[in-house]
Amino acid sequence: MRRHRKSSALIAVLASFSLVAAACGDDDESGDTAAPEVTTGDTGGGTDTTGGDTTATTAGGDTTPTTGGDTTPTTGGDTTPTTGGDTTPTTGGDTTPTTGGDTTPTTGGDTGASGSVEEICAPTEGEGEAAGEPEEGAGELIDLGTLVGDPPEHIDPALNVTLDAYQIVNAMYDGLTEIDATDPENPEIRPLVAETVEVNEDATEWVFTIREGSQFSDGELIVPTTFQCAWERASDPDFAGDYSYLMNFIEGGAEKLAGEAETISGVTADDEAMMLTVAMSAPYANFDAVAGFQLFFPMPKSSIENPGDYENGMMVSNGPYMLESARTDEQIVLVRNEAWQGDYDGETWPDRVGRIDFNVSADPDTAYNAFEAGEGDTALLPPARAVEAQENWGTTLDVEILGSFHFGFNQRDEAIGGEENTLLRQAISQAINRDDINEAVYNGTRQTSTGITPPGIPGFAENLCEFCAYDPEAAQAAFDEWTANGGEQAEPLRIQFNADSGWEAVVEIVIDNLGAIGIQAEADPRDSETYFTEMAEGDCQMCRLGWYADYPTYDNFMYDLFHGDSLDGNNFGANLNEEFDQLVDEAKQSIDADEAAVLYNQAEAILLNQDIGAVPINWYLGDQVYNDEKISNFPMTNQGLILYEQIELAS
Amino acid sequence: MTIVDPHASAPAPGIPSGGEAGIADVATAPQPLRVDIVKRFLRNPLAVAGFSFLVFLVLVAVFADLIAPMGFAERTQPQVSREGPSSEHWFGTDITGRDVFSRVVYGSRVSLKIGILATTLALTIGVMFGSAAGYFGGWIDTFMMRITDVFLAIPYIILAISIATVFGRSENAVILVLGLTGWLPISRIVRASFLGLKQLEYVEAATALGFGKGRIMFRHILPNALQPIIVYGTVSIGSAILSEAALSFLGVGPRSPTPAWGLMVAEAGAGSLASAPHILFFPGLAIFLTVLAFVLVGDGLRDALDPKLK
Amino acid sequence: MPSYILRRLLLLIPTVFFALSFLFFLFFVLPGDPAQLIAGGADRNPDPGVVARAAERYGLNDPVLVQFGNFWGRTLQWDLGESFINDRSVNDILGEKAPRSIRLAIWAVILEIIIGISVGLVSAIRRYSLSDKLATVGTAAAAAIPAFVLGFILQYAFAVYPERHNWPDWAQMKTSRLGPDAWTFFFIPAEDQWRYLILPAITLAAVSTALAARMMRGSMLEVMRADYMRTARSKGLSERAIVMRHGLRNALIPVITLIGIDFATVIGSAVLTETVFSWPGIGSQIADSIRSRDLPVILGLTLVVVITYSIVNLLVDLSYAWFDPRIRLGQGAEV
């Protein structure tokens, strides 16, 4: 997860043209889609009464809203007005939701989905009043530390790429699994919306059993189909966000993303048995961690019709918090989701904060000023203030974040990339005084890196990087050798970074360090809002990158940032090395953790020592500051996530 | 606006002294002697103080290499960062460990350069434009004034940020931006002076003698219209230095590590007030004193050039 | 008089037209390819595919003149287009943000008039006194501090410091954002809105107030030497009556002009002030949009600012007639 924001006009543009609505809407093109397992169980007790054209109705379940004009569409003993995944109003070729005078499309029990994906995922009218008004919670929290710089571009789990917005997304949604990092040395993946998670022996198939009774804040029940639909949505090529490459893990995901398939063939939802079966495209032993990530969050049906615009309205969510009102450029307000049934062990934190007001601040200094003036309860800690902040306030500086701050190179750039410039890149890496940067810019509040993957990640190895220590003489020698081999700087090296986010000073030190051995470089600050898009589009020459782990796996650093598959996603440095890719693929498939670690270490060594595809600078510590007179407990995970539902206010 | 009595107090926009009643006086009354001007200027202690400061500043700029102990982009080795003022670093060091005193000293070059060149550019365009409009009058005047209307209607800062965005970020771009936006009020002032002056007898006499238009405009009228231009120009230099700060704050000023004072202040940011105020204070003080000096000198010049006021 | 106003309003049309057209071409023609700007920016190197899509989406493949025509076609129907960045309608942005900026500007002008004029007046009447000297230096100083630095200092002194030292709530000002957004009569702050309003209003007013005070002083000094003032004195009227009845009114004319012309300065400072105080108005929006080259938003907001500015100046001119009966509008030769 990137630490700082990214956005793009173009992504927004594409999003608005989404075809998800058409695909998951009420067109009937079910012939070529893999229908989920058909079940006929009708737990609601009603019988399928259909009108004349029963042939068109989908089999089974109680999804048959009837098409006949005259029949009451059954109502068993179950009087729930609407239920979760089974309320598809349409049937077969008949696209009118209901016909005749009878407008109650569905009733019956709450299991047994069937029909084509399109039908199942189609939004249903009349849902969404179940949760009722949120009750007044215990106190209010004004958060100035999350949205700093610009309002987030996306808060849709399928589109968001920044940690800033993930704080909000994570407070709003619960995924299949969660990572319990209470013991940072030994993070544990636990089921959340899933009740059980099982994997077959060779890590090619994962089965998630969904807990009965999980629901969205509007009362829509969460069933395996809910996930299936959400994933179809997230992988729709016309809508998909920058993280969508993660769908490649699943069999058929690549085809779906490429627009060659209508559905992800590897996903099977059985709402009867509450089982979600996911076939991997290649063995993947860490999928349980990935499955808890935002891209795989369940999404309500209402999100499917017009996916690009969904995040601009009243999103419906299943986590501890839900939107109070649609987001604005100035703030995003969450309130307690009273329909939330709690953590996997039922813990609902009844005293959790009632309302969280995420305010957008212009920059960290402004936000910190406002925090100090008592206008908010949390803020992002400007590094220069670390020492005084520790004296006066509570901070999360004690949390060692699973994240890396580094510079990436663009291997496709003639001036810096490729084999012929390896020595130049080595010289750059050795010329940078990382300790100076840590002292000057971060008040010593970071750990100087010895590689990309930080300690705390299973498989971490110390001192992987041979060229990451400050060694001006060796750097000079490497640079001289590069020059002797015919290397010449046609123009100063441009170092890209997102302006106004505190990187100016780092880049200045780097430029000064490089200048000391004769490498010409200049700062190339970019607008924060479009920075990552520009980098992804190939603007990176030597660009500042930051990464917070999405889940505590080695793979999350190697695969997401440097693998060839991620080229259109988070691999801005465009590291292109088949050997590297192979090692990562191999490691990913390995079920033996020790063996995987060795392979990942080898891959990272290639990246850092052979290709010199990145320059690690430092590893993060938590950088939130909070008013400890008001907040008695402010839990932050080592992924940098604030557990809002567990925040305790001092009474 | 139409005014019945041309000598009524219809002010030319932007003349600090207010009112153009002086214009007629200047032309009819004999030119004040230079000696008198200097004497009157010297009688104003604030103006003298301002002028002395400017002389001092120019000397600092000229001899910056000798005064500054370090280069403006040079970092202390080993790194000493964010340290308060000490005998070694008089103004302390900034975040990346550069000597603030040296940067402020070198900054005098950048800031004076921006101020003076931008004002020169603005004066050149403004005087040409305004004198042509004022001298020729008629449809030429109307047309030219409509042009200034158009540009004056776009708020200066929007125009400036837009132009700066187009030109990219550099010292020279800032000069260009400020020059291209600064000429508008000057042209108004010059035009107003010319309108008044060209109706006076001596100009009519010169016309009757058959002097060329250019000669009349620049040899006969312009010298008499100089007062408000000089005063406005002086104050403008200060304003340009301030504008550089504003543009830097908005991210369209010069680029680091240029030691422009405005950029230094903008980079220090609000946060430094509590943690390392010297990073913001010294370049801020330099801007403040310099702008103040230009304003005070401008005041002094206005009073000295306009004998009526004493 | 009505015909004069009408003529001025008609003149507004070409002014606004050319001002906007200038900005349009500044962004569309000068830096080369606007699609490139949307996709990346000057001296950047975005992916050609991205540029092509941007160009198509925004009709940038059409000849510039066609685009220009389309732009005005839309604008004349008061459809200001959609933001490149987030597809929001510019009309909506304007509707949401304009009132906030107007409220801030109103208070800045109120401060400017009250403080500026009274300081200038006192300074002129008690010429060479200590208060005059203080006023001279003080106004020069106020005009010599970069607006954003003043903002920082005010934030620290009146918000951060009081909070640290546990001052009562009413003595603590706010450093950022809009606050409760509660107003009566459109611009009178309700609830504790004033605590959010006061620091940005002071910052916004500072430079203009200083200029107004200096102008007022100069203008008043000049008026006090005028013949009719001498006449009034010789009639034995009290100095106070002379100043108030004759001097003030005449001296105000140039100050009023300044305030009108200065409206542009206020808008300029608003860009800075709103950014420093995170005041979500037009100023901060314009600064953001220019930085991200969000052309429709820049043009849409500028259009409104230009129109407002021109109307304010018209009102200023009209007010001359009220202040100075010797000035009549709409007759005689233009001077």
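What percentage of the 335 residues in chain C is made up of buried residues?

Modeller: Buried residues make up 56% of the 335 residues in chain C, where buried means under 20% relative accessible area, exposed means over 50%, and partly exposed lies in between, with a 1.4 Å probe and protein chains only. This is a predicted model, in which local features need pLDDT of at least 70 and side-chain atom pairs count only at pLDDT 80 or more, while totals for chains, interfaces and linings use all residues. Residues are numbered from 1 along each chain as its sequence is written, chains are lettered from A and ligands numbered from 1 in the order in which they are written, and side-chain values use heavy atoms, with hydrogens and water left out.

Chain C has 12 helices and 2 strands, these being DSSP runs numbered from the N terminus, with helices (H or I) of at least four residues and strands (E) of at least two. Along the sequence, their order is α-α-α-α-α-α-α-β-β-α-α-α-α-α. Among the contacts of chain C with a separation of 6 or more, 68% are between residues 24 or more positions apart, a contact being heavy atoms within 4.5 Å. The accessible surface of the chain is about 14,200 Å², and carbon and sulfur atoms account for 66% of that area; such areas come from the Shrake-Rupley method with a 1.4 Å probe, and for residues only the protein chains shown count as cover.

C:Thr273 lies in helix H10 of chain C, which runs over residues 239-276, and C:Thr273 counts as buried because its relative accessibility is 1%. Leaving aside residues up to four places away in sequence, C:Thr273 touches C:Pro200, C:Thr203 and C:Leu204.

The confidence values belong beside this picture. For chain C the mean pLDDT is 80, with 86% of the residues at 70 or more; pLDDT is the predictor's confidence in each residue, from 0 to 100. Over residues 40-47 of chain C the pLDDT is below 50, although the model gives this stretch 24 contacts beyond near neighbours in sequence. Residues 331-335 of chain C also have pLDDT under 50, and there the model has 11 contacts beyond four places in sequence. For the model as a whole, the scores are ipTM 0.83 and pTM 0.80.
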